[in-house]
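Please look over the sequence and the model first, and then read the points below.

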Amino acid sequence: MSAALLACLDAAVAARARRRRRPLRDTIAALAAAAERWRDDEALRAELPTAAHLSPEMIAAIVPIAAEALDAAAMTELVEREWGAGAAARPVPDGPALVAQVLASNVPALALPAIALGCLAGAAVLVKSGRDDPLSAPAFQRALAAVDPELAATVVTAYWRGGAVASEGALLGRAQVVVVSGGDATLAALAPRLGDRLVAHGPRWSVAVISRESPGDADAVALDVALHDQRGCLSPHAVYVATDARGFAERLAAALAAMAERLPPGPASVEARAGARLEAAEAEWAPGAVISRGPGGIVIHEIADTFRPTRGLRTVRVHPLPDPRALPELLRAGQVECVGIAGVDAATLVPTLRARGVSRLCPVGRMQRPPLSWPRGQLPPLGALLGRSAEPLIEVEP
Amino acid sequence: MTLEAELTAAIEDAGRGAPAPDFEPWALRVFAHQFEQNAPYRAFCARRGVTPANVGHWEDVPAVPSAAFRRADLACGPPEAIFRTSGTTGGADTRGHHRVPHLALYRASALAGFARFVLPDGFRLPCLCLVPPPALRPDSSLVQMCVWVGEALAAGVEWFVGERGLETERLLGRLTAAEASGEALLLVGVTAAFAQLFDTCRARARAFRLGPASRVVDTGGMKGMTRPLSRPGFLHECWTLLGVPGYYCVNEYGMTELCSQRYDSVLDDRFHGRSLAPRRLVAPPWLRTRVLDPDTLAPVVPGAAGLLCHHDLANAGSVSVVLSEDLGRAAGDDGIELLGRASGTPPRGCGLLLADLEPS
C-alpha cells in the first residue's frame with residue numbers, strides 16, 4: 001500500500017508545482033464547483049449513513065451544510081483576510097509542498113475543509129480519512145477532477161488503519177505540515193514522531209449560554225445537539241440559562257423529542273448506549289437534579305454548574321447561571337471550542353472566552369455551521385498550514 | 001437474630017454442603033429490610049413508585065447504578081467497614097465507597113465462593129498475595145478478602161506488594177524456594193501484578209515449575225497494565241513461566257460494591273466432571289446477574305450483549321441490586337462472559353491497586 005501511495009504523493013507534489021503560477025481565484029472557483037457536485041452525489045448520500053453510523057435523514061441534513069462552507073465568496077474573503085487585499089487574484093504565497101490531513105472519525109465530511117484549506121494554502125494534500133467516513137474524501141476528489149483535473153491531481157486520498165507505524169511514518173514523513181484531528185491516544189501516538197510539523201486538534205466540546213430566552217431557542221439548541229448525533233467538537237454538551245433553567249430543560253427535552261422525528265438518531269454501539277444510560281442513572285443522585293429521558297435524548301437539569309462533557313448520544317446538562325458573564329470561570333482552559341449564545345452581548349464574553357481557548361461564538365442554531373474561516377483551535381486556518389504564528393483567534397458570528 | 005445474621009448463617013451452612021438460601025424469598029425479605037433501613041435507597045424506590053408491597057419478584061427490585069455509591073451513603077446501619085474503589089483520577093472524594101454494616105456477611109460470602117471455585121479439593125496452600133497488605137490498603141475489599149482467605153482457607157498468607165509496588169525480587173526468591181521444595185502455592189493478585197511478574201521472568205529468562213496443584217487467581221483484567229495481555233496470553237504465561245496449567249488458573253470478577261464474587265468456572269467444572277464446558281464466570285447461588293438492554297433495562301435475548309446488573313443477597317446491609325458499568329453476555333445456563341465497559345466510564349477497580357501505589 002505505502003509504495004503505491006508514495007508514488008501518488010510524488011505525483012501530487014509535481015502537479016502542485018505545475019499549478020503554482022495560477023491565481024487563487026481559479027482554485028476557489030474549482031473548489032466551490034466541486035462542493036456543489038459533491039453535495040449532489042447520490043451514491044455518496046446512499047452509502048454514507050451506513051459508513052458513518054448516522055441516519056439517512058441526518059446525512060441529508062449535514063451534506064449541504066458541509067458543501068455550503070466551500071462558498072466562493074467566503075473563500076475569497078478568507079484568503080484576502082489572511083494574505084491581504086487582492087490575494088485571490090495572485091498566486092498563492094510560498095508554503096509547504098505537501099500538507100497531510102489525518103481526519104477524525106467522529107464526524108463525516110471533514111475531508112472537505114481539509115482539502116480546501118490545503119489547496120488554498122497552495123499545497124498538495126494527503127487526506128487520511130477517518131474510520132467512519134472513508135467515502136467523502138474520494139467523492140470530493142472525483143468531483144474536483146470533473147471540474148479541474150489539474151487541481152484534483154494535487155490531492156491524494158487514502159485510508160489506513162491508525163497505528164500502522166511503518167507505513168504511516170513513511171507517508172506522513174513526506175509532509176511539511178501534518179494536521180491531526182483525533183482522540184488523545186491518536187495524538188499521543190503521533191506527536192513524538194511528528195514534532196513541530198504537527199498541528200493537533202484533540203477532543204473538545206461546546207456549550208451554549210442563554211441570557212434572555214426567545215421563542216425558538218430550545219429548538220435551536222436541540223438542532224445544535226442533534227446534528228452529527230452530538231459527536232463533533234461543536235456539539236453542545238451543556239446549556240447555561242440565566243432564568244428558568246428548569247423550564248428551559250423541559251422545553252429542550254420536548255424540542256429534542258421533536259428533532260428525533262426529523263433527524264432520527266443513528267445506530268449506536270452497546271458501549272455508547274450503556275454510557276448514556278449510566279450518565280442519566282448517576283445524575284439522578286446529584287442534589288436537585290431532574291432527568292428527562294426520551295427518544296430524543298437525555299436532558300439533565302443540574303444545580304452544580306461546573307462544565308463536564310456528557311457521554312453523548314444527545315445528552316445535555318442544563319445549569320442555572322444567573323450571570324452569563326460568569327461562564328468563562330466554569331470552563332477549563334482548552335476544553336471548549338464553541339459557545340452558542342442567545343440574548344447575550346458577545347462583546348462582554350469575548351476576552352475571557354478567548355483566554356479559555358474558545359475559538360467561536362455564534363447564535364444558537366448555528367453552532368454546527370462553521371465557515372471555512374473558523375479559527376479552529378484558535379489558529380488561523382491558512383496561516384497554521386504555513387507555520388505563521390498569530391495571537392489566539394476567536395471568531396464571532398453575528 | 002437479625003436478618004443479616006440469619007443470612008450469614010445460611011450462607012455458611014451452604015458452604016458446608018447445606019442447601020443454598022432460597023433466592024426469591026430472601027431477595028424480597030432483603031428488599032423490605034433495605035427499604036426500611038436505607039433512606040436514600042427508599043427515596044430512590046419511592047420515585048419509581050416501588051415499595052415492598054408491590055414487588056413480587058426478585059427481578060422487580062430496583063437497581064442502583066454503581067456510581068450512586070460515589071454520591072450517597074447507601075447503608076442500612078452504621079458501617080463496620082468502608083471499602084473504597086481504586087482509581088487513578090479524581091481523588092478519594094470521587095471514588096465509590098461501600099459501607100458494610102455486617103462484615104461477617106461479607107466474610108461468609110467471600111469465603112464460601114472462594115472455597116467452592118478456587119479450592120474445590122479443599123487443599124490448604126500457602127497464599128502469596130500480589131496485592132498490598134491491609135496496612136497499606138485498609139479500605140480495599142479485595143485485600144480484606146485476601147486476609148480472610150489467608151486465615152481460613154490457606155496455610156498462611158504472604159504479601160508481595162509494598163509502598164513502591166510489586167516486590168519482584170522477594171517474590172522471585174519465594175518462587176525459587178517453592179520450586180526447589182516442590183511446594184504448591186496459591187497465588188492471588190491483580191492481573192497487572194502477574195503481568196509485571198511475567199515481564200520480569202521473560203527479561204531474566206527465568207521460568208518456574210511450581211508444585212502440582214498450585215493455582216493462580218487473578219482479578220482486575222487489563223486495568224492498570226502497561227501492555228495488552230489477552231486471556232489466552234495470560235494462561236500461556238502461567239503455564240510457561242510458573243508451571244501452572246490453565247485449569248488451575250481462575251479469574252475472579254468482583255466489585256467493591258458487592259460482597260459476593262464471580263469466578264472462572266474452570267476448576268469447579270473440572271472437579272465436577274465438566275472439563276469440556278466453556279470457561280465462564282459463575283457465582284454462588286446467592287448472587288444472580290442479569291444482562292440488560294441499556295435503553296430499556298429489560299433483559300436482552302440470551303447471548304446478546306448488555307449491561308450487567310447484579311443481585312447480591314450478601315449485600316443485605318447496603319443495596320442488593322447494583323447496575324454495573326460492565327458489559328457482558330450470558331454464557332451457558334449459569335454464567336456470564338465479560339465484554340468490556342460502558343463508554344466514558346472512568347477507570348476503576350482493584351486492577352488499579354498497583355497504579356494507585358506507583359506514581360506515574
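Two strands are said to pair if DSSP finds at least two bridges between them. Helices (H or I, at least four residues) and strands (E, at least two) are DSSP runs, numbered from the N terminus. The model is predicted, so local features need pLDDT of at least 70 and side-chain atom pairs count only at pLDDT 80 or more, while totals for chains, interfaces and linings use all residues. Residues are numbered from 1 along each chain as its sequence is written, and chains are lettered from A and ligands numbered from 1 in the order in which they are written.

**The sheet of chain A**

- Chain A holds an open sheet of eight strands with mixed pairing, in the order S8-S9-S10-S7-S6-S11-S12-S13.
- Its edge strands, each pairing on one side only, are S8 (290-294) and S13 (395-396) of chain A.
- Strand S12 (residues 360-363) of chain A pairs with S13(A) in the parallel sense, over two bridges.
- Leu361(A) has Val396(A) in S13(A) as its bridge partner.
- Helix H11 (residues 217-226) of chain A packs on the sheet and touches strands S6 (205-210), S7 (236-241), S9 (297-301), S10 (315-320) and S11 (336-342) of chain A. The direction of H11(A) makes about 160° with that of S7(A); axes are lines fitted to C-alpha atoms, for helices over the stretch in contact, and angles run from 0 to 180 degrees between N-to-C directions.
- Helix H13 (residues 270-283) of chain A also packs on the sheet, where it touches S8, S9 and S10 of chain A, and its direction makes about 25° with that of S9(A).

**Domains of chain A**

- Chain A is divided into domain 1 (2-203) and domain 2 (205-363), with bounds that come from an automatic or database domain assignment.
- The C-alpha centres of these two domains of chain A lie 30 Å apart.
- Nine residues of domain 1 of chain A are in contact with eleven residues of domain 2 of chain A; contact requires that the C-beta atoms of two residues, placed from the backbone, lie within 7 Å.

**Domains of chain B**

- Chain B is divided into domain 1 (3-77 + 282-341) and domain 2 (105-280 + 345-357), and their C-alpha centres lie 26 Å apart.
- The contact between them takes 30 residues from domain 1 of chain B and 24 residues from domain 2 of chain B.
- On the side of domain 1 of chain B that touches domain 2 of chain B, the elements giving two or more residues are helix H1 (3-15) and strands S14 (306-312), S15 (321-331) and S16 (335-341) of chain B.
- H1(B) gives the most to that side, with seven residues.

**Loop residues and burial**

- Ala109(A), in the loop between strand S1 (98-102) and helix H6 (111-120) of chain A, has a phi near 70°, a positive value in a residue other than glycine.
- Ala109(A) counts as buried because it has 27 C-beta neighbours inside 10 Å; a residue is buried if 20 or more other C-beta atoms lie within 10 Å of its own, exposed if 12 or fewer, and partly exposed in between, with C-beta atoms placed from the backbone.
- Gln378(A), in the loop between S12 and S13 of chain A, has a positive phi of about 65° although it is not a glycine.
- Gln378(A) is partly exposed because 19 other C-beta atoms lie within 10 Å.
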